[in-house]
Amino acid sequence: MAWIYLLFAGLFEIGWAVGLKFTAGFTRPVPTVLTIASMAVSLTLLGLALKTLPLGTAYAIWTGIGTVGTVVLGIALFGESTHALRLACIGLIVLGIVGLKVVSPE
């Protein structure tokens, strides 16, 4: 169950990271409330995952999911760069996430 908590914590991290862009410096109420709610859910789920998963592994995977998802949405929503070297670096992050999952205790 901890891995599921961690997956959803990472997805909510993507939500709050992208949500920050829509808050316009916390001047838009609805995006601000949704962003703060996403932060709270993300941290709560991370905390639940940390009951059983190693701290370093869980934190690295949480931030990795957030990083990769935020880059993908940055490309899709905001037209950010799809330079091959940038995508290769994101691929390395994905490999790191998979590697940490594979070598972590269940």
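The legends below describe several close-up views of a predicted model.

Because the model is predicted, local features need pLDDT of at least 70 and side-chain atom pairs count only at pLDDT 80 or more, while totals for chains, interfaces and linings use all residues. Residues are numbered from 1 along each chain as its sequence is written, and side-chain values use heavy atoms, with hydrogens and water left out.

**View 1. The protein as a whole holds 4 helices and 0 strands.** Helices (H or I, at least four residues) and strands (E, at least two) are DSSP runs, numbered from the N terminus. Starting at the N terminus, the order of elements is α-α-α-α. Along the principal axes, the C-alpha atoms fill a box of roughly 45 × 35 × 15 Å. The protein has 106 residues, and 31% of them are buried. Buried here means under 20% relative accessible area, exposed means over 50%, and partly exposed lies in between (1.4 Å probe, protein chains only).

**View 2. Helix α1 packs against helix α2.** The axes of α1 and α2 (residues 29-49) are 7 Å apart, at an angle of about 155°. Axes are lines fitted to C-alpha atoms, for helices over the stretch in contact, and angles run from 0 to 180 degrees between N-to-C directions. The two helices, α1 and α2, are therefore roughly antiparallel. Angles under 35 degrees count as roughly parallel, over 145 as roughly antiparallel, 65 to 115 as roughly perpendicular and the rest as oblique. The crossing of α1 with α2 is left-handed; this term applies if the near helix is turned anticlockwise from the far one by less than a right angle, and right-handed applies if it is turned clockwise. Sorted by class, the contact of α1 with α2 has 16 nonpolar, 7 polar and 1 charged residues. In this sorting, Ala, Val, Leu, Ile, Met, Phe, Trp, Tyr, Cys and Pro count as nonpolar, Asp, Glu, Lys and Arg as charged, and the others, Gly among them, as polar.

**View 3. The loop between α1 and α2 includes A24 and F26.** Most residues other than glycine have a negative phi. In A24, however, phi is positive, near 55°, and in F26 phi is also positive, near 65°. A24 is partly exposed, at 42% relative accessible area. F26 is likewise partly exposed, at 47% relative accessibility.

**View 4. Helix α3 meets α1 and helix α4.** The axes of α1 and α3 lie 8 Å apart at an angle of about 40°, which makes α1 oblique to α3. The crossing of α1 and α3 is right-handed. For α3 and α4 (residues 84-103), the axes come within 9 Å and cross at roughly 150°; α3 and α4 are therefore roughly antiparallel. α3 passes α4 in a left-handed crossing.

**View 5. F22 and F78 form one of 2 aromatic pairs in the structure.** Rings of Phe, Tyr and Trp (its six-membered ring) pair if their centres lie within 6.5 Å; planes under 30 degrees apart count as stacked, over 60 as edge-to-face and the rest as tilted. The pair of F22 and F78 is tilted, with 5.6 Å centre to centre and 45° between the planes. F22 lies in α1 (residues 2-23) and F78 in α3 (residues 55-78), so the pair ties together parts that are 56 residues apart in sequence. F22 is partly exposed at 37% relative accessible area, and F78 is partly exposed at 32%. Over the face of F78 lies K21, at 5.4 Å from the ring centre.

**View 6. Y59 and W62 form a tilted pair within helix α3.** The ring centres of Y59 and W62 are 5.6 Å apart and the planes stand at 50°. Y59 and W62 are 3 residues apart in α3, a separation of about one helical turn. Y59 is partly exposed at 46% relative accessibility, whereas W62 is buried at 7%. G64 also lies in α3 and is buried, with a relative accessible area of 5%.

**View 7. The charged end of K101 sits over the ring of W3.** The distance from this charged end to the centre of the W3 ring is 4.5 Å. A charge sits over a ring if NZ of Lys or CZ of Arg is within 6 Å of the ring centre and within 35 degrees of the ring normal.
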